[in-house]
Amino acid sequence: MAKISIIIPVYNVPRKFLIKCINSVIKQTYKDIEIVIVDDGSGDECSALCDEFKEKDNRINVVHKKNGGLSDARNYGLKYATGDFIAFLDSDDYIEKNCLEVLHRNINEDNSFSCMLKGFKEVNGIRNNTQRTKEELDLLQSPSVDIRLFNKSVIVDNNIYFSNLKIAEDLEFIFKVILINNSVSYVDEALYTYVVHSDSSLQSNTQNQLDTLIAMSSIIDFAKKRKKFEEFKEKIEFATISHVLFGTTNRLMRTSNFNSEDIKKCTKYINDNFPLWQENKYVKKYLL
């Protein structure tokens, strides 16, 4: 049986959420797992709770480190992960008890990852179904690492890690995996619950929105170095238009301290890299 490593970055998450999160992994029907909890400089109470779980289950490894942010914590977890496959789980979310079993069943040695089409979004204790299409996930319109099970060898052998970005770090990571191995299996089950509350990491303002430009530049450089750019050019171009022109600029314009210079940076980036973007077949189909 292949081992699955579940990496859970933790930073001062409310106790009730962290308990539910870790318990959802402990109770998985797939038993050959290791749980790598990365305490990213939390306070004493949160750190102690992580250690309490370690004492209860020998599959749990707790790593304490200075605060470095979500990407740094995930990278730290990858260093300690010994499994054949990697899953990421945010510390205030949780998974269904058969999540890892189903994801593993749908992946094999040749696949880069398996991916969930369905899930849940929980707001104030109320869960609602979410649904993604294969096309949406294939084009990375929903670039979350948490709904995927990754083949570790694809990540490690190609030196793919998370950049220290606040925005679009998942987009960059997943796209690089796809550039190496574009084999994906899709799971049509709701297995992951994303929990929204006042302390959720994504409940933030639009600071660091220009990180998306950094992420796309990193993807383009990665593709060119591996001679994959021409093969994936249309998808890279679509991701740039989708996440920079339609995503970042819209969020910037909704801020109270709107800065027109940031919008100009986005449009210049598009014009410099993809001046003929309106001819892109994916843009025509999904954005125009």
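**Notebook: helices, rings and one glutamine**

I began with helix H10 (residues 260-273), which has 14 residues and reaches 20 Å from its first C-alpha to its last, close to the 20 Å expected at 1.5 Å a residue. The expected span is 1.5 Å times one less than the number of residues. Helices here are DSSP runs of H or I with at least four residues, strands are runs of E with at least two, and both are numbered from the N terminus.

A note on the source: this is a predicted model, where local features need pLDDT of at least 70, side-chain atom pairs count only at pLDDT 80 or more, and totals for chains, interfaces and linings use all residues. Residues are numbered from 1 along each chain as its sequence is written, and side-chain values use heavy atoms, with hydrogens and water left out.

**Entry: H10, continued**

Which residues of H10 are buried? I found Asp 262, Ile 263, Cys 266, Tyr 269 and Ile 270. Buried means under 20% relative accessible area, exposed means over 50%, and partly exposed lies in between (1.4 Å probe, protein chains only). Seen down the axis of H10, the buried residues fall within an arc of 120 degrees, so they line one face of the helix. The arc is taken from the directions from the helix axis to the C-beta atoms.

I then looked up what covers them. The cover includes helix H8 (211-225) and helix H9 (229-253). Contact means heavy atoms within 4.5 Å.

At the start of H10, I saw a side-chain oxygen of Asn 259 within 2.9 Å of the backbone nitrogen of Glu 261.

**Entry: Gln 209**

Next I went to the loop between S9 and H8, where Gln 209 is found. Is Gln 209 buried or exposed? Gln 209 is buried, with a relative accessible area of 4%. Its side chain makes a polar contact with the side chain of Arg 251, at 2.7 Å. A polar contact is a pair of N or O atoms within 3.5 Å; within protein, one must be able to donate a hydrogen and the other to accept it, and residues adjacent in sequence count only if both atoms are side-chain atoms. Leaving out residues up to four places away in sequence, Gln 209 touches Ile 167, Thr 248, Arg 251 and Leu 252.

**Entry: aromatic pairs**

I searched the whole structure and got nine aromatic pairs. Rings of Phe, Tyr and Trp (its six-membered ring) pair if their centres lie within 6.5 Å; planes under 30 degrees apart count as stacked, over 60 as edge-to-face and the rest as tilted.

One of them is the tilted pair of Tyr 76 and Tyr 80, with 5.8 Å centre to centre and 35 degrees between the planes. The two are four residues apart in helix H3 (residues 70-80), so about one helical turn separates them. Tyr 76 is partly exposed at 26% relative accessibility, and Tyr 80 is partly exposed at 37%.

Phe 88 and Phe 150 form an edge-to-face pair, with 6.1 Å centre to centre and 70 degrees between the planes. This pair links distant parts of the chain: Phe 88 is in strand S4 (residues 85-88), Phe 150 is in strand S8 (residues 148-151), and they are 62 residues apart. Phe 88 is buried at 3%, and Phe 150 is buried at 0%.

Ring pairs link Phe 88, Phe 113, Phe 150, Phe 162 and Phe 173 into a cluster. I also noted that Arg 74 lies over the face of Phe 162, at 4.9 Å from the ring centre. A charge sits over a ring if NZ of Lys or CZ of Arg is within 6 Å of the ring centre and within 35 degrees of the ring normal.
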